[in-house]
Amino acid sequence: MTIRHLNRLFIGVIFLLAVSVTVARLSAESVSDLHVWQMQEIRLEAQGKYDNYYKEVTCWVELRGPGFARRVYGFWDGGAVFVVRVVATKPGRWEWVSGSNRVEDTGLNGQSGGFNVFEWTEEEKLENPNRRGFVRSSPNGHALQYADGTPFFMAGDT
């Protein structure tokens, strides 16, 4: 192989890396379609400087969806980054607006976004029963079931 071929190969590899990083970043930041019970992370970055982010900052999102409107609190994820994890419990359009106890911090307040949520197919639920929702007590309190009412059977192996 000549130097010219090696240079072309090197440039090609760099180009492919740049494209893959860009595509990965765009797909991570622009998630707009999710399934029910699929976690979505909302990342907020504080613009202000604080001595102790963990103690001084409380952040949240006001999450609204079909039959749902609640404040969901986030946590400090290191540096100036805060994360709020949300899960849509019904199909439809879900939207959020961020807020914090530091009203002057534009990185934590007034950010917004949304996502469309779709139901899993029965075939997809058979592949992974956890797609039926959170596990909770049955109405009589003597058993466990998924959010959709399907009985939950826990099995373990050693």
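Residues are numbered from 1 along each chain as its sequence is written, and side-chain values rest on heavy atoms, with hydrogens and water left out. Because the model is predicted, local features need pLDDT of at least 70 and side-chain atom pairs count only at pLDDT 80 or more, whereas totals for chains, interfaces and linings use all residues.

Strands are DSSP runs of E with at least two residues, numbered from the N terminus. Strand β2 runs antiparallel to β6 (residues 81-87), to which 7 bridges join it, and E45 has V81 as its bridge partner in β6.

The largest nonpolar core comprises 24 residues, and those with the most contacts inside it are L63, V86 and F115; such a core is a set of buried Ala, Val, Leu, Ile, Met, Phe, Trp, Tyr and Cys residues joined through side-chain atoms within 4.5 Å. At least two residues of this core come from each of β2, β3 (59-65), β4 (68-73), β6, β7 (92-100) and β8 (112-118).

In the loop between β1 (33-35) and β2 (39-45) lies W37, which is buried with a relative accessible area of 19% and has a positive phi near 70°. Most residues other than glycine have a negative phi. S138, found in the loop between β9 (135-137) and β10 (144-146), is likewise buried, with a relative accessible area of 11%.

How values were computed. Helix = DSSP H or I, 4+ residues; strand = E, 2+ residues; numbered from the N terminus. Buried < 20%, exposed > 50% of the residue type's maximum accessible area, 1.4 Å probe, protein only. Pairing = 2+ DSSP bridges.
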